[in-house]
Amino acid sequence: MKNYLMRSMYKIKSPQWFRDRSDEGDIYEQYMKMHEISLASLNKYLKGDWEFVFWNEQVDDIQQVFQDHFFKIYDFWKENAPCNILYMGPDNFMQMPTEIFGKFDDFMMFNYTDPKSSSEKNKWDIQHEHFFNADVRYYPHTMSQDIWDMGLEMAREWDFDCWNTEQIILNKMLWDQPNRTLENTLQPNLAYQGHMLHADAEFDNNLHRSDLWNEHSFDKSNIIHFHGSRNAPSKLQLMYAMYKHHGLGLPRTRKPVAGDTIIVL
């Protein structure tokens with residue numbers, strides 16, 4: 001069974017995400033540095049036999065990235081079937097040995113996003129009581145084609161006016177699976193949300209608040225999602241501190257695999 005760790009780094013022309021990010025400097029350069037740190041942590045701690053797939057392109061705005069991801073991942077999953085795909089954004093850090101490949105039969109996300117329930121207006125009038133973060137997600141080879149087809153239909157009608165369109169679709173896919181309950185899905189250790197954490201004097205206080213929000217300890221979490229969108233320079237500092245703490249080296253070379261503009265570090 002082929003296992004793939006997948007990620008993309010798009011150079012985005014518009015600084016407008018959920019807000020104008022012009023004040024954060026060169027976003028692409030900072031995310032690329034986060035990516036290198038993240039990949040070094042995965043090389044050390046992600047268990048199993050896997051290959052790395054990386055797309056590097058340029059688009060006009062952030063929503064194009066999200067929509068393009070959706071179709072690229074599906075096409076890759078189909079063309080390389082049977083395979084398992086773990087998608088992780090560049091602002092995630094793995095801090096202990098972690099097994100994900102082969103552990104889940106359903107499409108999975110693992111922890112809430114902020115806010116924990118959705119409320120943003122969207123063209124489908126869909127809201128999720130349990131709104132999970134999509135930056136760590138797993139597509140097993142056993143994933144239902146019906147779930148894919150439902151998501152693909154929504155993705156073809158992408159709501160470019162809704163910041164959370166990607167997460168709304170992916171949460172619909174997650175919770176429409178018949179075996180999914182909150183009790184057997186929520187695993188905050190696999191996607192600890194570090195949105196409250198910044199490289200500042202309030203770090204210790206915010207870490208306590210963050211543990212309470214996650215209902216899990218930072219120190220006992222396998223994967224930390226630092227939320228680079230919440231001030232990239234500060235989040236990069238935190239990831240670099242983790243990099244030094246874990247004594248990580250440069251990412252090891254991995255065998256290239258098929259896809260559009262793949263760079264393998």
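Reply: Happy to! Contact here means heavy atoms within 4.5 Å. This is a predicted model, where local features need pLDDT of at least 70, side-chain atom pairs count only at pLDDT 80 or more, and totals for chains, interfaces and linings use all residues. Residues are numbered from 1 along each chain as its sequence is written, and side-chain values use heavy atoms, leaving out hydrogens and water.

Me: Is Asn 206 buried or exposed?

Reply: Buried means under 20% relative accessible area, exposed over 50%, and partly exposed in between, using a 1.4 Å probe and protein chains only. Asn 206 has 12% relative accessibility, so Asn 206 counts as buried.

Me: And is Asp 146 buried or exposed?

Reply: Asp 146 sits in helix H3, which covers residues 145–156. Its relative accessible area is 61%, so Asp 146 is exposed.

Me: What percentage of the 265 residues in the chain is buried?

Reply: The chain holds 7 helices and 10 strands (strands are DSSP runs of E, at least two residues). Among its 265 residues, the buried share is 56%.

Me: What share of the contacts with a separation of 6 or more comes from residues 24 or more positions apart?

Reply: Here we look at contacts in the chain with a separation of 6 or more. Residues 24 or more positions apart account for 79%.

Conventions. Helix = DSSP H or I, 4+ residues; strand = E, 2+ residues; numbered from the N terminus.
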